[in-house]
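Visitor: I've got a structure open and I'd like to learn how to read a few of its features. Can you walk me through them?

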Amino acid sequence: MSHLFSSAAMGLVSLKNRIIIPPMCQYSANNGLPTAWHSAHYMNLALSGASLVIVEASAIVPEGRITYKDLGLWNDEQATAMQQMLTDIRQYSDARLGVQIAHAGRKASCDLPWLGGKSLSKTDAHGWQTVAPSPLAFGNNPLPRELTTDDIQEIKHQFINAAKRAEQAGFDVIEIHAAHGYLLHEFLSPISNQRQDEYGGSFENRSRLLINVFHEVRKAISPNIAVGVRISATDWLDNGWDVPESIELCEQLEELGCDYIHVSSGGLAPEQQIPLSPNYQVPLAQAIHEHSMMPVIAVGLITEPLQAEAIIATHQADFVAIGRRILFEPRWPWRAATELNEQINVAPQYLRSAPHQFKNLFK
């Protein structure tokens, strides 16, 4: 059997292969509620053959959305709508289903990407006041309001409440978003966090909010649900958050019972210098993998089955996340199975679709 199609687990959640579909925002919600687009989109991805589909960043509060059309888990109506979507998907797919809970911090309040994606001020239609660890803007965006210590405690509780709603909705996996320059990452990085209190300065202080959020979410959620964290392992900037700090953070998360770490990078500042190329983030995942027994997901320009197979086979990571490529090629795992001489489970409605040269492809 290939390494890519071997089974594995995140905590108590078993996965049939090592192919993960990461969160990818669709900017198509109404008041945080999933729409027909989400139902069709996630059904399609769940029928792809990937073992786990993680639903896009779902905001813990309205002001934590990237755009006014983001999904949310700040109220029970949203949790109920998510539950119905999962129920529909599970009629036809055995994929595990996760959700990412998030707060966009100073990168919130933006227009839709296909309308230009520009930052919206609180005086713009669909805009609002953003918040951050320090009153430092992202690029030319409006200045965020600095969070008070009381605000920070409230945000921690909002993450916990969103996680409880995710459990209520029936998700198998909950991912805490601490990457890509959003709020929890803003606290981690000394570039965006210039506080002088217990949440700023030292590594211990800058990581305090994420550690507390994870610890409290893990305590509040059933052990049958996997709880993981997505990080940016480096800011790609001098004097920013870096790999050694990421390793130290992951060691602490592992001690607290973190079920996996999802390793991305960048997003904190427009000045970042990212060396884009195939596998460009895999060494970041590998560096963390070498210091942890916690399952690691690698992501970033992983587009070919043999490429993904090599990452798992050489122990650079435990899982690979196929993101934009699977939007372009929604049956990517089927192609991977043909190239790696594997069989793959599909919905019975698709059994007759196997090409003649791959007549034994489907189980």
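Visitor: Let's start with charged pairs. Which residue forms a salt bridge with glutamate 329?

Guide: Keep in mind that this is a predicted model. The general idea is that side chains of opposite charge can pair when their charged atoms come close. Here the partner of glutamate 329 is arginine 325, with the closest N and O atoms 3.2 Å apart. Glutamate 329 is buried at a relative accessible area of 16%, while arginine 325 is partly exposed at 27%. The pair also belongs to a network: salt bridges with shared partners join Glu304, Arg325, Glu329, Arg335 and Glu339.

Visitor: How many salt bridges does a search of the whole structure find?

Guide: It turns up 13. One of them links aspartate 172 to arginine 90, with 3.0 Å between the closest N and O atoms. Aspartate 172 sits in the loop between α3 and β9, and arginine 90 in helix α2, so this bridge ties together parts that are 82 residues apart in sequence. Aspartate 172 is buried, at 15% relative accessible area, and arginine 90 is partly exposed, at 33%.

Visitor: And what separates lysine 219 and glutamate 216 in helix α6?

Guide: About one helical turn, because they are three residues apart in that helix. Their side chains meet in a salt bridge at 3.7 Å, N to O. Lysine 219 is exposed, with 57% relative accessibility, whereas glutamate 216 is partly exposed, with 25%.

Visitor: Now helix packing. Within what distance do the axes of α3 and α6 come, and at what angle do they cross?

Guide: Two packed helices are described by the angle between their axes and the distance between the axes. For α3 and α6 (residues 208-220), the axes come within 9 Å and cross at roughly 35°, in a right-handed crossing. Among the residues that meet are Ile152, Phe159 and Ala163 from α3, and Leu209, Val213 and Glu216 from α6. The contact divides into eight nonpolar residues, one polar and four charged.

Visitor: Which residues have the most contacts inside the largest nonpolar core?

Guide: Leu4, Ile176, Val229 and Ile261, in a core of 94 residues. Helix α3 provides the largest share of this core, eight residues. There's also a second, separate core of 13 residues, including Met10, Leu15, Ala226 and Val299.

How values were computed:
Residues are numbered from 1 along each chain as its sequence is written. This is a predicted model: local features need pLDDT of at least 70, side-chain atom pairs count only at pLDDT 80 or more; totals for chains, interfaces and linings use all residues. Side-chain values use heavy atoms; hydrogens and water are left out. A nonpolar core is a set of buried Ala, Val, Leu, Ile, Met, Phe, Trp, Tyr and Cys residues joined through side-chain atoms within 4.5 Å. Buried means under 20% relative accessible area, exposed over 50%, partly exposed in between (1.4 Å probe, protein chains only). Helices (H or I, at least four residues) and strands (E, at least two) are DSSP runs, numbered from the N terminus. Axes are lines fitted to C-alpha atoms, for helices over the stretch in contact, and angles run from 0 to 180 degrees between N-to-C directions. A crossing is left-handed if the near helix is turned anticlockwise from the far one by less than a right angle, and right-handed if clockwise. Contact means heavy atoms within 4.5 Å. Ala, Val, Leu, Ile, Met, Phe, Trp, Tyr, Cys and Pro count as nonpolar, Asp, Glu, Lys and Arg as charged, and the others, Gly among them, as polar. A salt bridge is a side-chain nitrogen of Lys or Arg within 4 Å of a carboxyl oxygen of Asp or Glu.
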